Each structure stands twice: as structure tokens, then as C-alpha cells.
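Please keep the sequence and the model at hand while going through the numbered points.

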Amino acid sequence: MSTIAGPVPAHALRGPSLPALRLTMLGSGTSTGVPVIGCDCAVCRSEDPRNRRMRPGLRLEVAGGSMIIDTSPDFREQALRFGIDKVDAVLYTHSHADHVFGLDDLRIFNFRQRGSIPCFGSAETMGRMRQIFTYVFEGGQEGGGKPRLELNAVRAPFDLLGERVVPVPVGHGEMEVFGFRVGRFACVTDVNFISEESFDLLAGVELLVLSALRYRPHPTHFSLAESIAVAQRIGARRTLLTHIAHDIDHGRLLLDLPPGIELGHDGLVATVD
Ligand SMILES: [Zn+2]
Ligand SMILES: [Zn+2]
Ligand SMILES: [Zn+2]
């Protein structure tokens, strides 16, 4: 079941029926967010809270800790709204602004946790982050309130917080982006091409988060129809669509999706047992 979740007390995560992985969708919107600034379309004016979409991000809670996938410009608001009190690691899909511009707000977790936070992504993404956030990764301003982050360029599967994390390279226009698989969960966002090798890496996933931008085709993102076809090929028990633009009305579309495929929304919680 999907719910709009508020902060969840830590004790709720313990106990005999602990899920293997608990996902919170921090943001379900495309790069503009929804509502779009200055837009008076029906979705942007909608009072359905599921049509209010922050920029994309996920929290994954596993037995070994809590990881975030992407720090959007809305990361601070997401952390407050969904009760993020700990960030043990961050996985970066790519360096577009809607996925990284909340990076500076990670510093509060440095203060709270008294340590640096490991971040993972492709060599290209890590290189771009060094350019975009020069002030963070250059020396100087020590003790001046900068985030303390360790950038790790990865390509092969690696172990993190007791889980095997598998980078899944996919195409986003001209750019290569990483999806990530963690056990029987995977997330693939900002994608318009998946190779046969990467489909193989996604085989057997039970819970999938997949981007689906809008009804019309787009040069760097799967449209809704393309995402549905890809979701059906991957065949997860449950697929949650994300990175959604303002032409998709949550309530209206929900009725038309095939079984096992749902529109995500901010605050949606799902588990893998
Ligand atoms: Zn994006
Ligand atoms: Zn609009
Ligand atoms: Zn992108």
C-alpha cells in the first residue's frame, strides 16, 4: 500500500518483521518540480497532494543503515518532511542539477554523525561533481561549514552497508547514467536507452523505480508508453514510476496503468521483504 508518510519513529523500523529494504520516494517530479513556476494548468493547480512533486530522490533503509539516491535541490525539504535523521552514504545517478543541487545540505549530517559521508557514482559523474562544487572539493575554508564528502568512482558491483550495490549503466540522450540495484530492488531514472547487458543486471528485481516523464516522446527520457513497455519487460512485482512532469494527473492516470505499475508520489513508502 502506498501512503503519504510523515517522519517514522526509529522503533518502527525494529522488530521481528523487519523488511530487507525500505524505500521512501523523496521526490517524484521532473527537473522543474510540479507545480511548474508560473503555470496554471490543471495539474499545477490541482489540490491532490500527489500532484505536488519535488525533484527526484530516494531513501533506502537497509539493516546496515540509510542511503540516499541523489540530493535534489529539494533535499532539505525532503529531509525535514520525511524525517531523515541519518545519511550513511549517497549514490549519484548523474550530475544534472535536479539530482545534485541539494548536496550542500548533506553537511548537517556531517555535524550530526561526526564524520564524512561516502558518495558513489561513475567516474564521469564524480568528475562533474568536483567541477560543479569546486568550493567543496578544493582545499581551504576548513571548519567553515562545508560538507565533508568522499567521492568514490565505481563501475563494478561493490559492498555498502552490508548490501551488494550493482551500478546499471543506461543511456540518457548522449549521457551515460547509472541506475542502481540493491538486492531485489532497483532504481533507473533519467533514461531513454537500456542495453541488453543492463537488462540482464535488472533481471529478477521485485521492486523497481523507473522514470516516466510525460505522454509525448522526449529526446533524453522514456515517455510513459516507453516506460510501461520497459517495466513489463523487466517484470518486477511492483514498479513505481517517477520523474513525472506536469502533464500527468496522478488521479486520472492511476486508473489506466497495467497491473503492478503505479505512479509514484512524494512520501510513498514501499518495502522488499
Ligand atoms: Zn532528472
Ligand atoms: Zn502545469
Ligand atoms: Zn538528467
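1. The model is predicted. In it, the site of the zinc ion (ligand 1) is irregular, with angles of 93 to 162 degrees among its four donor atoms. A tetrahedral label would require all angles to lie between 85 and 135 degrees. For comparison, the ideal angle for four tetrahedral donors is 109.5 degrees.

2. Which residues coordinate the zinc ion (ligand 1)? They are D98 (OD), H99 (NE2), D190 (OD) and H243 (NE2), at 2.1 to 2.2 Å. Along the chain, these donors follow the spacing D-H-x90-D-x52-H.

3. The zinc ion (ligand 3) is 3.5 Å apart from the zinc ion (ligand 1), and D190 coordinates both. Distant parts of the chain are linked here: H99 belongs to helix α3 (residues 97-100), while H243 sits in the loop between β12 (238-242) and α9 (250-254), 144 residues apart. Both H99 and H243 are buried.

4. The sheet deserves a separate point. Seven strands form an open sheet with mixed pairing, in the order β6-β5-β4-β3-β2-β1-β14. The edges are taken by β6 (149-153) and β14 (269-272); each has a single partner strand, so one side of each is left without a neighbour in the sheet. From one strand to the next, the twist averages 25 degrees.

5. One pairing within the sheet can be followed in detail. Strand β3 (residues 65-69) pairs with strand β4 (residues 89-91) in the parallel sense, over three bridges. The bridge partner of I68 in β4 is V90. In general, strands of a sheet pair through backbone hydrogen bonds, either parallel or antiparallel.

6. Helix α5 (residues 123-132) lies across β5 (117-121) and β6, and runs at about 145 degrees to β6.

7. The structure holds four aromatic pairs. One of them, formed by F120 and F158, is stacked, at 4.7 Å centre to centre and with 20 degrees between the planes. Because F120 lies in strand β5 and F158 in strand β7 (residues 158-160), the pair ties together parts that are 38 residues apart in sequence. F120 counts as buried at 9% relative accessibility, and F158 is buried with a relative accessible area of 11%.

8. Another aromatic pair is formed by F178 and F180: it is edge-to-face, with 6.1 Å centre to centre and 90 degrees between the planes. Are these two residues buried or exposed? Both F178 and F180 are buried.

Note on methods:
Residues numbered from 1 in each chain as written. Chains lettered and ligands numbered in written order. Predicted model: local features only at pLDDT ≥ 70, side-chain atom pairs only at ≥ 80, totals over all residues. Heavy atoms only, no water. Pairing = 2+ DSSP bridges. Helix = DSSP H or I, 4+ residues; strand = E, 2+ residues; numbered from the N terminus. Axes fitted to C-alpha atoms, helices over the stretch in contact; angles between N-to-C directions. Contact = heavy atoms within 4.5 Å. Donors = N, O, S within 2.8 Å, 3.2 Å for Na, K, Ca; no water. Tetrahedral: all angles 85-135°; square planar, octahedral: opposite > 155°, others 65-115°. Buried < 20%, exposed > 50% of the residue type's maximum accessible area, 1.4 Å probe, protein only. Phe/Tyr/Trp six-rings, centres within 6.5 Å; stacked < 30°, edge-to-face > 60°.
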